[in-house]
Amino acid sequence: FLVNKQSNSAMEISEIRILMKYEFHRGATTRQAVGNINSVYPTQAVTQTTVAHWFKRFRSGDFDLSNQPRGRPEIKVDNDALKADVEADSSQSALELASKFGVAKSTILIHLKQINKVKKLDKWVPHELKDEHKQQRLDACLSLLSRNKADPFLHRIVTCDEKWIMYDNRKRSSQWLDPDEPPKHCPKRKVHQKKLMVTVWWSSYGVIHYDFMVPGTSITSDVYCSQLDDMMEKLAIKQPKMFNRLTPILLHDNARPHSAKNTVAKLQQLGLETLRHPPYSPDLAPTDYHFFQSLDNFLSGKNFTSSGAVKTAFQEFIDSRESVFYTKGLNVLPLKWQQCVDNMGGYFD
């Protein structure tokens with residue numbers, strides 16, 4: 001606790017501590033003790049911080065003048081016991097584990113790293129699948145894999161889905177700031193903010209048709225049938241090879257407007273085969289896992305003031321995609337089917 005390193009030979013540290021103990025018993029204050037000692041031994045330069053430290057020890061009844069060991073005594077954690085405990089209940093926090101093993105949180109974190117455990121958030125899934133749903137997904141994927149192997153058909157797929165596009169797509173962003181520098185302000189999004197619904201049809205050759213719903217209306221089977229007519233007209237113009245020679249196959253989900261009787265009749269009238277698609281399976285729908293995911297990334301951070309601005313942004317997104325974007329989105333389908341099979345019909349990462 002002495003700060004003058006040039007006079008180590010003048011007096012032993014233990015002797016200085018004896019003097020501090022003497023001053024304490026005399027009833028001197030910290031300031032008085034520093035003045036008294038330094039007036040006799042000025043080369044030692046005892047500091048007020050040093051004397052205050054020792055006086056505190058003396059007041060607690062500890063008059064041992066030797067150095068006390070610093071830090072907490074090391075407590076070892078049995079990695080095998082820790083691993084067994086974590087695997088029995090993986091939801092425990094590091095603080096809970098630290099309390100259970102009687103060590104600091106930092107110690108538990110070190111040992112968790114040693115046993116190769118990392119903390120991961122639960123992953124949201126679209127639906128809690130029952131056994132029957134898993135079986136439906138498994139059967140559908142096995143059938144689709146077999147069919148595609150015998151007669152590849154990905155280039156014949158026309159797929160579609162609907163999505164709400166929010167006017168306000170801003171997200172709070174983090175910033176590197178000085179400790180006393182306030183963060184930038186970001187207003188909260190309105191609970192019931194404006195939004196537009198868009199339905200889009202596309203194939204491996206690109207977007208065929210999209211349609212924005214009039215605000216306040218919803219997609220019914222009649223609306224969907226009308227959209228199908230418009231899509232087929234656009235398909236004949238934009239992708240005549242698909243329309244005339246390849247016999248398109250429609251891949252859409254099992255939403256009520258898609259499976260209604262008049263929709264089924266319209267599909268038969270248009271000569272459109274529908275590809276088997278199990279319920280609760282957005283992870284097997286290219287528009288969900290590929291098109292809309294990329295759209296969300298494109299719109300992230302944007303704020304629109306009108307429906308026209310939303311529609312313009314959607315067109316900008318389409319214009320910014322190269323042809324390989326659409327091919328990639330559909331060509332990954334067999335991999336998705338296989339992952340579903342490997343997971344026995346369950347959701348997969």
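Predicted model: local features only at pLDDT ≥ 70, side-chain atom pairs only at ≥ 80, totals over all residues.
1. Residues are numbered from 1 along each chain as its sequence is written, and side-chain values use heavy atoms, with hydrogens and water left out.

2. Helix H7 (residues 131-150) and helix H15 (residues 333-342) cross at roughly 140°, and their axes come within 9 Å. The axes are lines fitted to C-alpha atoms over the stretch in contact, with angles running from 0 to 180 degrees between N-to-C directions. H7 is therefore oblique to H15, a class left over once angles under 35 degrees (roughly parallel), over 145 (roughly antiparallel) and 65 to 115 (roughly perpendicular) are set aside. Helices here are DSSP runs (H or I) of at least four residues, numbered from the N terminus.

3. On the H7 side, Arg137, Leu138, Cys141, Leu142, Leu144, Leu145 and Asn148 meet Pro334, Trp337, Gln338, Cys340 and Val341 of H15, contact meaning heavy atoms within 4.5 Å. By class, these residues divide into nine nonpolar, two polar and one charged, where Ala, Val, Leu, Ile, Met, Phe, Trp, Tyr, Cys and Pro count as nonpolar, Asp, Glu, Lys and Arg as charged, and the others, Gly among them, as polar.

4. Asn148, which has its place in H7, counts as buried because its relative accessibility is 13%; buried means under 20% relative accessible area, exposed over 50%, and partly exposed in between (1.4 Å probe, protein chains only). Its side chain reaches the backbone nitrogen of Phe153 at 3.1 Å. Not counting residues up to four places away in sequence, Asn148 touches Phe153, Leu154, Pro334 and Trp337.

5. Helix H12 (residues 286-299) packs against helix H13 (residues 307-320) at an angle of about 115°, the axes being 11 Å apart. The contact is made by Phe291, Ser294, Leu295, Phe298 and Leu299 of H12 together with Ala313, Phe314, Glu316, Phe317 and Ser320 of H13, and comprises seven nonpolar, two polar and one charged residues.

6. Asp64 lies in the loop between helix H3 (48-59) and helix H4 (79-88), and is partly exposed, with a relative accessible area of 43%. Leaving aside residues up to four places away in sequence, Asp64 touches Trp54 and Arg57. Between Asp64 and Lys21, 43 residues apart in sequence, the C-alpha to C-alpha separation is 9.9 Å.

Methods
Helix = DSSP H or I, 4+ residues; strand = E, 2+ residues; numbered from the N terminus. Polar contact = N/O pair within 3.5 Å; in protein donor to acceptor, adjacent residues only side chain to side chain.
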